[in-house]
Amino acid sequence: MQSILHYINGQLVEPRSGNYLDNIDPATGAVYSRVPDGDGDDVNAAVAAAEQAFPAWSQTPAEKRSACILKIADAIEARLDEFARAECVDNGKPLSLTRNMDIPRAVKNFRFFATAILHSKSETHMTDGQALNYTLRQPRGICGLISPWNLPLYLLSWKIAPAIAAGNTAVAKPSEVTPMTAFMLSEVCREAGLPAGVLNIVHGLGAKVGAAITAHQKVTTISFTGGTVTGREVARTAAPMFKKISLELGGKNPNIVFADADMDRAVAESVRAAFANQGQICLCGSRIFVERAAYEPFVNRFVAATQGLKIGDPLEAGVDQGAIVSKPQFEKVSFYVNLAREEGGTILTGGSPPPTVNDRCKNGYFFTPTVITGLGPNCRVNQEEIFGPVTSIIPFDAEEEVIDYANGTAYGLSATVWTQNLPKAHRLAERINSGTVWVNCWLLRDLRVPFGGMKQSGVGREGGDEAMRFFTESKNVCISVS
Ligand code: NAD
């Protein structure tokens, strides 16, 4: 059975304890590889390597850093099929998704930040003939980068690329649930000639490896993506040490459909927004609000389109819905669907695992995409993040009312508005408290724009200039000219 290894100081190494965890293929429920059960000793070794690598890497000219990171992008792209298959098996998502979205987007992340550093600017201010001020941006040192299982390589590369492009060194921790593509990335980094210690990848449980990274004195910068409860724990550890932190957390995103929307697009994209990646994208629209005049036809079309999604073996072509990532996540989805019943909801479609997928997948964690109506906006199912293929549809009568619904959760990650009335779209975009508002689209991403959440969806912004600022310290140099 394949053993995943840590990547520390340029070497692929076993965990110091010698202990491993099972890595399960969620489509079959079977253990298919082993992942290091890393601990504080492994983190200490990774931090020591990152510390040693920092002086040379931070002084390496941007052009050379860029060339090295571009080689990483090229190497992933050259092995696209291998990466896509590995992520499909590790995560349970359809191969078409890993091939067309996850892995190409990871390549883009490396390319984007590798070239961004070649065009960085700094500000200069003359102070009334007295002084010249300029802003000097410098790498911060060792960055701790912690990511979740839902978009494994994509989200990890979204952190690694800007951190090392800016001249930092890093200790990264992928989710223990989906470690395989991060392991493949370490092999790619070795091939691409990334100097030893610039990037270190330590595998293992959050409570051991993640907590050790967060608590380490020498890790001054933490970029974390994951659940809100974990984010609170990370913040609690990091705050007294005055670390710079970015937290990208959960969501319960509203998808608002007005009666004047282009219904063909609104239905098709709302289905995608609800169920892409089995509903396991932080940006999924899990609360759908539909203006009453369009409610009934929308619900009928939405249910029909949902029933048309093909659930199947993630490795097979033409599959829309693969497996839920793990047994605990499958159980969480089942719990919330039962809760929806208890709360008085009507399950229009789904609500249970599918009868059969195929023989290979008979023990996998599959769940039929589920559409619920009849629940109020304040019940638990419409307030708590489920993070699975479950969506709830609620009618509304007025603009003010739906703005209240949209803002009426603890979260504020993203929102989508479907309308052909542009002034109305602008009004909603201004008043909905979320980090992203999509109008007549969903999941379109421009890597230059700020990305992040409001309220309990997080603090800090990533993406483009925001990421380059996050991963650098800005210093004011003030020179007297009088
Ligand atoms: P999680 O919080 O359980 O784990 C995320 C990462 O943190 C994992 O690598 C985990 O091992 C680690 N971790 C766990 N405990 C830790 C601790 N005490 N200290 C440090 N690290 C620790 O989240 P998950 O279940 O892997 O991912 C799902 C969650 O991620 C959802 O809530 C989803 O909304 C969120 N998410 C947010 C975004 C975003 O951009 N806002 C993107 C993707 C996913």
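**Notes on a sheet, a helix and a serine**

1. Let's start with an open sheet of 3 strands, ordered β6-β7-β21 and paired in the antiparallel sense. Its edges are β6 (124-127) and β21 (472-480); each has a single partner strand, so one side of each is left without a neighbour in the sheet. On average, neighbouring strands here are turned by 25° against each other, direction ignored. Please keep in mind that this is a predicted model.

2. Within that sheet, β6 and β7 (residues 131-139) form an antiparallel pair over 4 bridges. If you want a place to look, Met126 stands opposite Leu132 in β7.

3. Next comes helix α9, which covers residues 263-275 and has 13 residues. From first C-alpha to last, α9 reaches 18 Å, close to the 18 Å expected at 1.5 Å a residue. After α9 comes Asn277, with a positive phi near 60°.

4. Which residues of α9 are buried? They are Met263, Ala266, Val267, Ser270, Val271, Ala273, Ala274 and Phe275. The elements covering them include β13 (253-257), β14 (285-291), α10 (292-307), β16 (370-373), β17 (390-396) and β18 (414-418).

5. Finally, have a look at Ser223 in strand β11 (residues 219-225). Is Ser223 buried or exposed? Ser223 is buried, because its relative accessible area is 0%, under the 20% cut-off. The side chains of Ser223 and Glu462 are joined by a polar contact of 2.8 Å. Beyond four places in sequence, the residues in contact with Ser223 include Gly144, Lys159, Ser246 and Phe470.

Note on methods: Residues are numbered from 1 along each chain as its sequence is written. This is a predicted model: local features need pLDDT of at least 70, side-chain atom pairs count only at pLDDT 80 or more; totals for chains, interfaces and linings use all residues. Side-chain values use heavy atoms; hydrogens and water are left out. Helices (H or I, at least four residues) and strands (E, at least two) are DSSP runs, numbered from the N terminus. The expected span of a helix is 1.5 Å times one less than its number of residues. Buried means under 20% relative accessible area, exposed over 50%, partly exposed in between (1.4 Å probe, protein chains only). Contact means heavy atoms within 4.5 Å. A polar contact is a pair of N or O atoms within 3.5 Å; within protein, one must be able to donate a hydrogen and the other to accept it, and residues adjacent in sequence count only if both atoms are side-chain atoms. Two strands pair if DSSP finds at least two bridges between them. Axes are lines fitted to C-alpha atoms, for helices over the stretch in contact, and angles run from 0 to 180 degrees between N-to-C directions.
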